[in-house]
Amino acid sequence: MDSALVRRRSALPGLGLTLGFALTYLSLVVLIPLGALLVRAFGMPLADLVEVATSGRVARALLLSFGAAAGAAVINLIIGPVIAWVLVRYSFPGKRLLDAVVDLPFALPTAVAGIALASLFDRGGWFGRLLEPLGIQVAYTPAGIIVALVFIGLPFVVRTVQPVIEEVDRDVEEAAATLGAGRTQTIGRVILPILVPAALTGFVLALARGIGEYGSVIFIAGNIPNRTEIAPLLIVIKLEEFDYPGAMAIAVIMLLISFALLLAVNLLQGWARRRLGET
Amino acid sequence: MRTERDSPRTRLRRFIGTAVTSVMLLVFCGGMVRAQLTVLNASYDPTREFYREFNDAFAAYWLDQTGETVTINQSHSGSGAQARAVIEGLPADVVTLALQADIDAIAANSGLIAAGWRDRLPRGSAPYTSTMVFLVRAGNPKGIADWDDLIREDVEVVTPNPKTSGAARWNYLAAWAWAHANLGGADETTLGFMAALYGNVPMLDTGARGSMTSFVQRRVGDVLIAWENEALLAIDLFGADELEVVVPSLSILAEPSVALVDENVDRHGTRAVAEAYLAYHYSPEGQRLAARHYFRPVDMQHADLEDAARYVDIPLVTIDDPLFGGWAAVQARHFAEGGTFDQIYGD
């Protein structure tokens, strides 16, 4: 099939070369490392893998990791487009600065972010001091994990939605208005449908990032077994115990669940694009 | 001459030629660097300051003895992480780790270190020791004096996770030893005490330095269980108006251990200098430097007087005590999956 692709003269020059490069590069950087992981893990019987996944502690850690990542991604899904909207549609002093600030979570070493957030939210910290009288504890609870993941995931949603908003002409809104649409109708039936596919992409990226995040979470999570222990920490613990197969098993389970989730969201996205494109 | 008409084959050949030359150049340079005498010491976190001074002293000694210049490179991380790094190929000539168990792990999992490594140097290859003590806020506002204060309801305790930290395992065993000696010795009561103690722990950092940061800089908790050397160093760094050390009535004898990585020194041809480096730990100067950096030297007579005066004599239980029966037994009973630590948190 490959050779057929290459041999047929494409209108675009260099297809063979670029396709070859893309496949080689993807294999080297993504597929071979993952393949090695799978091969090492499949040294163990499937029954053992299932046993690892369903043992109380691992199951709870997986639930926490995926739950917190999903919670944080949902928060970003709501807040991210709003920020993107403000950055595109309004001009105000310091706009460029704010625009650059959005990328900071990308650039900051995650451990630095984690330590900063933990200091803000523990009892002596600026936020912690305000929240404590209200009986709200964020640091060293699952809420702290969500806070860290919201921080890490925000730029993914903002940066995927921003260019789409830039593409939307103001004329479209005006046209909607002249046709008698109210503000909520304009937003709900004209603007949102355009943004949904991009926002979903951002959501998936933030979710995927959050599931595997270790550096920033570890400082604010508390790491108490069964309560605030994330799955990546369990992998580290298994490695510390020189239990390579155990670590590998958890890694593979995370990989499988992540892949299933990403696939599901991708399908959803395709569906949304088709559906919203029609209306 | 490079023209645009070069055939793909010529270009490929030129590319391969360049690549091969580059690799050869790299290998050659690597060889040059290797020809200088260097020793890589893979150590754990709290020894940074100690080895900075110790390595200079040893290099001067080696130059004096042999006329050779030796460079000691240091690598620091958590003790367990270093053991894993060496197993996976970190070319360390010597390892100086927090736990004998971590060196045993290298020997067992990679064979890079000969099995009888403990018998090759005096005192089971542990040239200096330390113990676990309490670090509290200045003035000791919660009046913490001994292990039983740590299970009081108004006390929050900071200690790292025994699953990821060597220091945390020493902390755990010290508490266990105290409870065993003072609460009648039944396993159930001891375990109950441990559960109460860890019930007062709001968060488990992954390493000893992390816990120190949480306690000192982020002001989490009322008491930190820490290496004696780390606690004394913290007072040095942050001042006696911030922190003070409380020595409990009983603790554990922590024996950080050192070993030659046999296969690596043979490959590097550094056996002689690496052996001398380890032996130098036991020299009067090595012992003096250990004491200066808040470790307990095995020969206290070599310590400067002011350094020796720091250490409070308390009963210290050893890991080989029948209560524990050595690292392998401890690991299996307390820290392996389903061990007493997991039981505390239930599963």
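The model is predicted. Chain B has 15 helices and 12 strands, and 44% of its 347 residues are buried. Among the contacts in chain B with a separation of 6 or more, 71% join residues 24 or more positions apart.

**Two domains in chain B**

- Where the domains meet, domain 1 of chain B contributes 15 residues and domain 2 of chain B contributes 15 residues.
- On the domain 1 side of this contact, α3 and α4 of chain B are the elements that give two or more residues, and α4(B) gives the most, with 4 residues.
- Sorted by class, that side of domain 1 of chain B has 7 nonpolar, 5 polar and 3 charged residues.

**Where chain B meets chain A**

- Now for the contact between chains: 18 residues of chain B are in contact with 19 residues of chain A.
- Two helices of chain B, α3 (79–87) and α4 (100–110), each supply at least two residues to the side that touches chain A.
- The residues on this side of chain B divide into 7 nonpolar, 6 polar and 5 charged.

**A four-stranded sheet**

- Chain B holds an open sheet of 4 strands in the order β2-β1-β3-β10, with mixed pairing.
- Which strands stand at the edges? They are β2 (70–77) and β10 (257–260) of chain B; each has a single partner strand, so one side of each is left without a neighbour in the sheet.
- From one strand to the next, the twist averages 20°.
- Strands of a sheet pair through backbone hydrogen bonds, either parallel or antiparallel.
- The parallel sense is found between β1 (residues 37–44) and β3 (residues 94–97) of chain B, which pair over 3 bridges; here S43(B) stands opposite T96(B) in β3(B).
- The antiparallel sense is found between β3(B) and β10(B), joined by 4 bridges; here L97(B) stands opposite S257(B) in β10(B).
- In a regular strand the side chains alternate between the two faces of the sheet.
- Is β3(B) covered on both faces or left open? Both faces of β3(B) are covered, with V94(B) and T96(B) buried on one side and V95(B) and L97(B) buried on the other.

- Helix α11 (residues 271–280) of chain B has V273(B), A274(B), Y277(B) and L278(B) buried.
- An α-helix has 3.6 residues a turn, so residues three or four places apart point the same way.
- Seen down the axis of α11(B), its buried residues fall within an arc of 135°, so they line one face of the helix.
- What do the buried residues of α11(B) pack against? Their partners are β1, α2, β2, β3, β10 and α10 (262–268) of chain B.

- Most residues other than glycine have a negative phi, which makes the next two residues worth a look.
- R123(B) has a positive phi of about 55° although it is not a glycine, and is found in helix α5 (residues 122–125) of chain B.
- Y294(B) has a positive phi of about 75° although it is not a glycine, and is found in the loop between α12 (284–292) and β11 (296–297) of chain B.
- R123(B), with 14 other C-beta atoms within 10 Å, is partly exposed.

Methods
Residues numbered from 1 in each chain as written. Chains lettered and ligands numbered in written order. Predicted model: local features only at pLDDT ≥ 70, side-chain atom pairs only at ≥ 80, totals over all residues. Contact = placed C-beta atoms within 7 Å. Nonpolar A, V, L, I, M, F, W, Y, C, P; charged D, E, K, R; others polar. Pairing = 2+ DSSP bridges. Axes fitted to C-alpha atoms, helices over the stretch in contact; angles between N-to-C directions. Buried ≥ 20, exposed ≤ 12 C-beta atoms within 10 Å, placed from the backbone. Arc of directions from axis to C-beta.
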